[in-house]
Amino acid sequence: DARDVFAAVDLGASSGRVVVGRAGLDELALTEVHRFANRPLRLPDGLHWDIGGLYQGVLEGLRAASEYAPRSVGIDSWAVDYGLLDASGALLGLPHHYRDSRTDAVAPAVVERVGAAELYARNGLQYLSFNTIFQLAAAAGSAQLRGADTLLLLPDLLAFWLTGVPGAEVTNASTTGLLDVATRRWSPELLEAAGVPASLMGDLCAPGDVIGTLLPAPAEHSGLDAATAVAAVASHDTASAVAAVPARTERFGYVSCGTWSLAGLELDAPVTSEAARAANFTNELGVEGTTRFLRNIMGLWLVQECLRDWGLDDSALPGLLAEAAAAPPFAALIDAGDPRYLPPGGMPARIGAHLRETGQPEPADRGALLRCVLESLALAHRDTLRRACKLSGRDIEVVHLVGGGARNELLCQWSADALGLPVEAGPVEATAVGNIIVQARAAHPGVSHAELRRLIHTTQRPRRYEPAAGTASAWDAAAARLGLE
Ligand code: ADP
Ligand code: LRH
């Protein structure tokens, strides 16, 4: 039935894709119809996203999707970044990339001014120097910000270009640092701290709402029927990925593992204790009013940047991973949550410097360096999930690892070993799956989210990794070396 076909636009930091999904009560089948590279732009005023190129990729993908006559289209992307529009709706400059360094000095100054405890009590967000609130503080007084009428987060900007309707989808809005963690509305106090007027922020909408239908030009350029709805989904990619975790129990933890590793728990309510703040945990919004209690870990960015430095791409991974598997275990370890790894460039050298500083041997070759990174990531997954359980008083019996990292067998197995828990890996395209099931649920409101999760489990069956016997003490010792849980 064509009414059960939906299109997902999923923009990741490393690539964008358009996926068509057929979703019914007992069916979930995905087809990737288009994939395109996402290459940031280095301009004189810093690191930006090529939003025009991404929009072209979206249109090309929707053209391929149009053959399937989707009932609606949903858009998700990474969090925090935004475009500014003037009163006529024109974009004021290219959106900055969250890895741009312009917030480095501003972010601590805002925290100092507002007070770390006060900020956390209001927004419940982990400190990341690139949170939208800090990006806006860095832009204070600029001609662009003075000329701005509306701020749109990137998925909302693309939806605006398709429909002409501005708005702010709430899961992504919850990553800005400007949403009140208690009321889930824009916070006047936080907006004041960022130095921006409340009128800049769009009206909030929720996953499942209809944003609008296509404007004539994007309908023509995409080949989609002009009556096709653009639906609000969990437009924060991590919220979509968590929505697609194929859990069969409530006692699960997750790692959404792609460019970033986002490790944590799905909770009914935020945890904003002093201990949660000190451990830098975030309370972002998920589907169905859930809270994503998690922490950002540098993730496969560390691997991506090593590959880039070596002039290689993902196609080199199978060979390099075999070399990593053969390298000596626990030879060197890094803190994979360290913000020093945020900016691009020179990753192998930066890791080498970190190891020298901490009196550890530098890896002998690429395989050994990759082993150091992957073991360190597994330890960070363990530390983050164990702390999340302690801080929330919850217990878990399985960890779901979703996203591109699910293709990395070493990382999946080592995460299971480090945690002493089974890891269920996949779906690789969890974000697109989550995007599609939110649209499907809006069309079939009778189906519960837990039922959909079981449907994902049967149709996109994850691969299960049991912790290997006899490895626990070595992982405990490695965690202790880094001072981790
Ligand atoms: P994004 O956050 O950009 O959406 P993805 O979820 O697409 O990221 O994950 C991308 C990552 O998946 C790559 O950085 C790479 O480490 C991993 N990956 C891709 N292909 C393979 C592969 N064949 N084997 C192991 N890992 C892979
Ligand atoms: C992952 C992600 C993450 C954010 C970061 C900016 O793609 O959305 O949840 O913290 O990008």
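I began with helix α17, which is mostly covered: 13 of its 14 residues are buried. Buried here means 20 or more other C-beta atoms within 10 Å of the residue's own, exposed means 12 or fewer, and partly exposed lies in between, with C-beta atoms placed from the backbone. α17 runs over residues 430-443 and reaches 20 Å from its first C-alpha to its last, close to the 20 Å expected at 1.5 Å a residue. That expected span is 1.5 Å times one less than the number of residues. Helices (H or I, at least four residues) and strands (E, at least two) are DSSP runs, numbered from the N terminus.

A note on what I am looking at: this is a predicted model, where local features need pLDDT of at least 70 and side-chain atom pairs count only at pLDDT 80 or more, while totals for chains, interfaces and linings use all residues. Residues are numbered from 1 along each chain as its sequence is written, and chains are lettered from A and ligands numbered from 1 in the order in which they are written.

Next I looked up strand β16, residues 291-297, and found seven of its seven residues buried. On one side I noted T291, F293, R295 and I297, and on the other R292, L294 and N296.

Then I turned to ligand 1. I found 17 residues around it, with G12, S14, G258, T259 and G404 the closest; to be near, a residue needs its C-beta atom, placed from the backbone, within 6 Å. The shell divides into five nonpolar, 10 polar and two charged residues. Ala, Val, Leu, Ile, Met, Phe, Trp, Tyr, Cys and Pro count as nonpolar, Asp, Glu, Lys and Arg as charged, and the others, Gly among them, as polar. Helices α12 (301-309) and α13 (317-326) each supply at least two shell residues.

My last stop was L320, in helix α13. Is L320 buried or exposed? L320 is buried, because 20 other C-beta atoms lie within 10 Å. Leaving out residues up to four places away in sequence, L320 touches R366, G367 and L370, contact being C-beta atoms, placed from the backbone, within 7 Å.

Definitions and conventions:
Contact = placed C-beta atoms within 7 Å.
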